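Colleague: I am new to reading protein models. Can you take me through some features, one at a time?

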Amino acid sequence: MQGALEDFFRALRASDVRVSPAEAIDAHRTVAKVGFADRELFKDALCATLAKTADEVDRFDRTFDTFFTRDTFVAAPPPEDGDRDPMEDLPPEGGDSELARMLMAGDASALAQAMEEAAERAQVSQIRLSTQRSRLTRKLLEEMGLGEIERIIAAARRLEDPRGQAAGERLDAARQALAKEASAYVERQHELYASESGKNLREELLARKALNSDGGIDPVDQAMMQALVKRMAKRLADRYSRRRNVAWTGHLDVRRTLRKSMGYGGMPFDIVFKTKKIDKPSIVAICDVSKSVAAAAQFLLTFLYSLNEVVDRMEAFAFSGRMISVNSLLDENKVETAILEVLKQIGFQQTDYGRSLEDFCDQHLDQLDRHTTVIFLGDARSNYADPRLDLLATIQKRSRALIWLNPEPESYWGQGDSVMHRYQRFCHVAKPCNTLAQLERIIEDVLRTYIPH
Amino acid sequence: MASVDALIQGLESVGYIASRRIATSLFMAVNLQKPILVEGSAGVGKTELALSTAALLGLPLIRMQCYEGLDESKALYEWKYGKQLLYTQILKDRMGESLADAADMDAAMDRLHGMGDLFFSEPFLEPRPLMKALREDDGCVLLIDEIDKSDEAFEAFLLEVLSAYQVSIPEIGVLKAKTPPIVFLTSNNVRDLGDALKRRCLHLHIPLPDAGLERRIVASRVPGIEGELVSQLVSFVQSLRTLDLRKSPSISETVDWARALILLNADALEPEVVRDSLNVLLKFEQDIQVIEPQIAELIRKPLA
């Protein structure tokens with residue numbers, strides 16, 4: 001059972017339930033306590049020790065069911081004539097084949113066991129990709145001795161004796177059933193050990209994929225990206241909001257303690273501690289949704305949306321020709337609708353950075369104070385209009401930090417109508433950001449360094 | 001505590017209808033001596049489970065409500081500052097007397113050392129819930145309620161208590177529980193808890209119950225209620241949960257509603273009665289407005 005448990009842990013890890021060595025030890029203790037006789041008890045007890053979130057409980061249940069299910073093995077029907085040796089009619093080649101005997105006798109449990117053993121030799125549980133399935137099935141069957149069976153069948157077909165031929169037919173049918181079983185077995189192993197890794201692989205690729213490349217993101221990947229971005233934003237917000245919660249009593253406030261103790265004749269009965277005053281930071285995010293960033297716009301907006309969901313104090317704006325506040329849009333709609341709505345209202349026009357900055361400074365400048373971090377998302381391509389550097393300077397002066405995330409690679413900055421180089425002077429941070437992985441790293445840096453706490 | 005089935009029966013005898021999964025988790029928690037982290041939406045009986053366990057085992061229950069800003073001095077211990085102050089006053093008065101015949105400063109210091117340092121000692125210690133729980137020699141049930149509301153620093157501080165059932169007090173030393181308490185932590189998932197904490201606990205997620213379980217819960221919580229009415233109101237509540245509401249009713253609301261219906265002398269669900277008592281079940285005005293026109297239809301729905 002030791003080995004089986006270890007395999008089970010591996011299957012759990014493959015489906016994204018974390019099992020640390022310490023948890024594995026707990027699980028062993030659990031099993032020692034409850035035993036496996038009562039399957040339901042065994043399952044619930046293991047679940048309580050191993051799964052740590054409601055999500056993991058779901059995955060645990062699924063993995064457990066797949067792992068501890070052994071399908072009933074349907075082999076060839078047992079020979080009608082029970083008394084005769086099932087091997088008798090086969091050609092002499094079949095004489096000492098163990099597998100042929102099991103198949104002809106329809107011995108399901110022996111076959112199941114043989115398959116488990118063969119699977120171990122063929123290392124089926126190392127399966128990673130769905131494309132390995134057919135090869136591993138073949139290998140599994142070879143390990144079981146399929147070659148021999150095929151030779152016997154071929155020999156039986158050459159026989160003159162009709163009974164021998166019939167036996168060959170039966171063996172052939174059993175072989176096909178066996179092949180089906182083997183393929184189902186491999187499929188199950190794949191499900192156990194690899195189903196999640198395919199997804200992980202895609203997520204990983206997606207995280208590194210440049211988001212402003214032609215065509216943007218595959219619609220298939222859209223949902224996955226949204227989930228990724230959301231997870232990321234949540235993680236960031238977790239750290240971000242935690243900082244605010246630091247409220248502790250620390251050093252003695254001597255001045256106030258002495259004043260309070262006057263009533264007690266100088267005896268400091270009421271002692272007062274200094275409390276830490278905590279800044280409430282806020283974020284102002286401004287997102288470019290013009291034509292030039294069309295490919296990345298969705299990604300930028302998804303991020304904006306997720307950030308809005310997880311950060312308490314955030315003002316969101318979007319612009320291409322003019323600038324509008326999109327807070328209410330983000331608050332009231334689901335992510336897809338919100339993004340479409342923003343794009344519908346203002347998206348894909350000619351960018352005019354100067355005008356947009358004007359709009360911002362005219363109407364929303366009071367949003368900025370020394371606790372505010374301003375995040376700009378855009379490519380700084382201004383169609384040769386006046387970039388209004390003076391306004392960006394004002395924004396920089398009024399806010400705590402100005403961060404510019406540009407979906408274009410750094411080598412493009414300043415080429416053509418890009419004024420990134422000129423804007424860059426006023427930014428505390430200006431970084432290219434066109435993959436999720438990059439975005440995550442940057443935001444993390446930014447939060448660590450520039451968010452007041 | 002002999003087996004899971006015995007535990008289910010035991011809990012039932014103190015009025016808690018536990019599913020098998022709940023009982024198994026509790027059984028493992030007691031046997032492996034691990035704290036148990038109970039998650040689930042508000043009102044599914046997380047706190048109730050701890051109370052019932054205490055009642056079942058006949059152990060005292062020590063409850064600690066967590067909130068933002070909760071720190072060691074409120075959770076573990078505090079020094080009785082006023083008493084310490086008085087002590088120093090007495091000490092000062094007595095000092096002159098007892099040191100009067102010392103030959104010189106060194107001798108006085110020696111004598112002072114000999115008097116013992118009472119200032120930071122147990123009599124001046126004001127125990128708070130965690131420490132009380134560790135000092136219960138015959139064990140107890142410790143309920144750390146809504147741990148997700150506390151700060152991360154506090155969560156980290158809890159780790160020592162939860163894994164070794166001991167705390168270190170710098171001035172005195174390590175205080176270890178003779179009998180480890182049975183610890184319940186509850187969480188509504190306001191924030192994600194740290195892995196370190198999760199790793200030290202058994203995890204139990206209490207979902208909203210299915211109709212059968214909920215009927216049994218209502219029947220046991222509201223004695224004397226008609227079986228017919230129980231089925232009706234449970235299926236009503238169950239169908240409410242399938243709708244998109246701001247706050248779905250949970251078990252405690254079902255039970256409250258059942259009590260309210262008894263008070264209103266209702267022996268069957270009538271649209272009139274339901275309309276009058278809907279505010280027991282739903283906590284948002286919008287939800288009530290959404291449901292009101294559908295009441296008759298929801299009552300007619302076949303039993304779940």
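This is a predicted model: local features need pLDDT of at least 70, side-chain atom pairs count only at pLDDT 80 or more; totals for chains, interfaces and linings use all residues.

Colleague: Where is Y165(B)?

Modeller: Y165(B) sits in the loop between α8 (152-164) and β6 (166-169) of chain B.

Colleague: What is the phi of Y165(B)?

Modeller: The general idea comes first. Most residues other than glycine have a negative phi. Y165(B) has a positive one, near 50 degrees.

Colleague: Is Y165(B) buried or exposed?

Modeller: Buried means under 20% relative accessible area, exposed means over 50%, and partly exposed lies in between (1.4 Å probe, protein chains only). Y165(B) is buried, at 6%. Now take R388(A). Its phi is also positive, near 50 degrees. R388(A) is in the loop between β6 (372-377) and α17 (389-398) of chain A. At 22%, R388(A) is partly exposed.

Colleague: How many residues of α13(A) are buried?

Modeller: Of its 17 residues, 12 are buried. Among them are F299(A), L300(A) and Y305(A). Helix α13 of chain A covers residues 294-310 and reaches 25 Å from first C-alpha to last. That is close to the expected 24 Å. The expected span is 1.5 Å times one less than the number of residues.

Colleague: How do I read a salt bridge?

Modeller: Side chains of opposite charge can pair when their charged atoms come close. The cut-off is a side-chain nitrogen of Lys or Arg within 4 Å of a carboxyl oxygen of Asp or Glu. The whole structure has 37 salt bridges over all chains.

Colleague: Which parts does the salt bridge of E143(A) and R121(A) tie together?

Modeller: The two side chains meet at 2.9 Å, N to O. E143(A) lies in helix α7 (residues 133-144) and R121(A) in helix α6 (residues 108-122), both of chain A, so the pair ties together parts 22 residues apart in sequence. E143(A) is partly exposed, at 31%. R121(A) is partly exposed too, at 47%.

Note on methods
Residues are numbered from 1 along each chain as its sequence is written. Chains are lettered from A and ligands numbered from 1 in the order in which they are written. Side-chain values use heavy atoms; hydrogens and water are left out. Helices (H or I, at least four residues) and strands (E, at least two) are DSSP runs, numbered from the N terminus.
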